[in-house]
Structure formats: C-alpha cells, structure tokens
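Me: I am new to this structure and would like a close look at a single part of it. Could you take me through that part slowly, and then through the packing of some helices?

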Amino acid sequence: MTEPSSVWGKADVSSGKGASDENFPVGSFLISKALRPHVHAYYAYARVIDDIADCETLTPDEKLARLNAMEDVLLGKREAIMRPDSMSAAVLRASLTRTGVPFETATDLIIAFRDDSRGVEYKTWDDLLHYCKYSANPVGRFLIHLHRESANAFAASDALCTSLQILNHLQDCQKDLQRLKRCYMPSDMMALAGVTQDDLLAGRTSPRLRRVFNTLLDGVDDLNTQASALPTHIQDRRFRMECAAIVELAKRLTLRLRREDPLAGRVALKRADALHAAGAALRAWS
C-alpha cells in the first residue's frame with residue numbers, strides 16, 4: 001500500500017466553500033438538533049472529495065489516488081492521518097457506523113468524482129442522469145436513511161437531487177469549462193443546436209445555446225414534478241418541511257434560469273424565492 005504521506009501529498013485542495021455557499025440549506029434548523037452533527041459530517045466529507053476532483057493543481061492520477069485514500073479511510077481499510085481531508089472520512093465513518101446509514105451513500109459520491117477527475121464526457125441526457133445518480137442522489141438517500149424514513153421516498157428524492165445537480169451545472173457552465181475544462185452539457189444536444197463548447201465562453205447566451213438550456217430545463221421541469229411528491233412520503237414533520245422548501249427552491253431556480261442568462265452572470269436565488277420556500281414549508285407542517 002502506498003504510504004499515506006505520498007498519497008495525500010502537500011497540495012491544499014480546499015476550495016474555501018462552506019455550507020453557507022450552497023444554493024440550498026445544509027443541515028438547517030429544520031433538521032432535528034440530534035441529527036445535525038451527522039448531516040454536517042456528511043457535508044464536510046462531500047465537500048472534501050468534491051474539492052479534490054476540482055483541484056486545479058492536482059493531476060488526474062493524483063486526484064484518483066486521494067479519492068481512493070478517502071474511500072479507504074471511510075471503509076476502515078486505511079488509518080486516518082491528522083489532516084482535515086483524511087479526518088473528514090474518519091468522522092463520517094464513525095457517524096455512519098453509529099446511525100446505521102448505508103456506507104453506499106458516501107462511497108457512491110466517489111464514483112462521480114472519479115469521473116470528474118478523469119474528465120468523462122457526457123454525450124446524452126441519459127449520461128447526465130447516470131452521473132447525477134452518483135454525484136447527487138446519494139445525498140437525498142443519506143437524509144432519508146438518517147431520518148429512518150421509508151424507501152418509498154427514494155424515487156422523488158432522486159428526482160429532486162438530480163434536478164438540483166443539473167440546475168447547478170447550468171449556473172456554473174461557463175466557470176466549469178473555463179476553470180476545469182469540464183462540460184456537463186450533453187454533446188448530442190449541443191450538436192443538434194449547432195453550438196460547441198466555445199459558445200459557453202461568450203458573454204451572453206446565443207439563441208442556439210438557449211435552445212440547449214431550455215431543453216435541459218424541460219427535463220428539469222419533469223424532475224421537479226416528480227420531486228413534488230417527496231413531502232408526502234416523509235413522516236418526520238421537520239424533515240418534511242425541509243423537503244417542501246427545497247422542492248420549491250428548485251422550481252424557483254428553474255424559472256430564474258429560463259428568464260436570466262447564466263453566461264452574463266451567476267443566476268441565483270433571491271429573497272422572494274426564500275419567502276416562497278418558507279410558505280411551502282409552512283404548508284407542509286400539517
């Protein structure tokens with residue numbers, strides 16, 4: 001086995017992002033106080049492996065080595081060392097062991113970030129959905145398991161998580177290509193519209209590229225419709241309110257991305273969107 005020092009290296013992979021930088025609430029006050037530490041442990045681990053895959057100073061092989069080391073620590077195959085990245089996997093291991101949440105909710109994320117590290121191309125909508133199956137859907141399943149909710153919630157949760165991931169791809173499509181040389185826009189949609197990745201680097205969205213965005217958003221609308229059923233499957237009242245709020249935020253961001261240009265500036269949620277989400281949460285109280 002490779003020595004820990006050579007696997008982890010000296011490069012700092014931290015992006016400096018925290019839960020407050022996300023579009024959607026992470027371990028908010030709606031999550032019970034007893035469960036919040038487990039949510040924060042999961043988020044810290046997910047943040048680290050995402051940062052590894054996105055690190056601009058690591059080679060693909062170095063990224064894969066670090067991701068494999070994180071997985072080994074998580075699964076108890078390697079001793080953790082006193083570094084924030086390694087310790088995040090050790091802390092999550094303890095959390096999953098204590099709560100009984102399946103380890104797949106954490107290891108599946110690494111499958112997606114290995115693809116990111118290798119620079120996998122997404123040729124079709126189905127390719128994109130397959131990526132989201134590992135990059136996003138495990139997050140919802142983690143929360144469902146943590147709250148000991150029924151597996152009947154999985155399908156709606158998967159739809160919501162996939163929606164959120166694709167919305168994030170649309171928000172960051174220009175930055176991802178510029179900084180990471182990564183494009184999540186399905187290449188068959190791009191070719192059909194007569195655009196290339198270079199069109200993503202312009203200062204505004206062309207009519208042809210807008211057709212690609214709108215096609216993706218049509219798919220997101222379908223996902224949001226499926227996700228709307230999620231609160232009905234959740235028994236825990238506080239978690240149900242959280243789910244209802246996030247579904248509403250996904251719908252609001254979808255509308256903003258139809259009306260605003262992600263190449264002209266980051267399309268973000270506004271205070272009015274938060275108020276709509278709060279209303280949805282209150283309606284889910286009963």
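This is a predicted model: local features need pLDDT of at least 70, side-chain atom pairs count only at pLDDT 80 or more; totals for chains, interfaces and linings use all residues.

Reply:

Asp115 belongs to helix 5, which covers residues 104-118, and Asp115 counts as buried because its relative accessible area of 18% is under the 20% cut-off.

Turning to helix packing, helix 2 (residues 36-54) lies against helix 7 (residues 137-146) at an angle of about 160 degrees, and their axes are 11 Å apart. Helix 2 is therefore roughly antiparallel to helix 7, and the crossing of helix 2 past helix 7 is right-handed. On the side of helix 2 the contact involves His38, Val39 and Tyr42, which meet Pro138, Val139, Phe142, Leu143 and Leu146 of helix 7. Sorted by class, this contact of helix 2 with helix 7 holds seven nonpolar residues, one polar residue and no charged residues.

Helix 7 also packs with helix 8 (residues 154-171), where the two axes come within 7 Å and cross at roughly 140 degrees. Helix 7 and helix 8 are therefore oblique to each other, and helix 7 passes helix 8 in a crossing that is right-handed. Here Asn137, Gly140, Arg141, Ile144 and His145 of helix 7 meet Phe154, Ser157, Asp158, Cys161 and Thr162 of helix 8. By class, the contact of helix 7 with helix 8 has three nonpolar, five polar and two charged residues.

Methods: Residues are numbered from 1 along each chain as its sequence is written. Side-chain values use heavy atoms; hydrogens and water are left out. Axes are lines fitted to C-alpha atoms, for helices over the stretch in contact, and angles run from 0 to 180 degrees between N-to-C directions. Helices (H or I, at least four residues) and strands (E, at least two) are DSSP runs, numbered from the N terminus. Angles under 35 degrees count as roughly parallel, over 145 as roughly antiparallel, 65 to 115 as roughly perpendicular and the rest as oblique. A crossing is left-handed if the near helix is turned anticlockwise from the far one by less than a right angle, and right-handed if clockwise. Contact means heavy atoms within 4.5 Å. Ala, Val, Leu, Ile, Met, Phe, Trp, Tyr, Cys and Pro count as nonpolar, Asp, Glu, Lys and Arg as charged, and the others, Gly among them, as polar. Buried means under 20% relative accessible area, exposed over 50%, partly exposed in between (1.4 Å probe, protein chains only).
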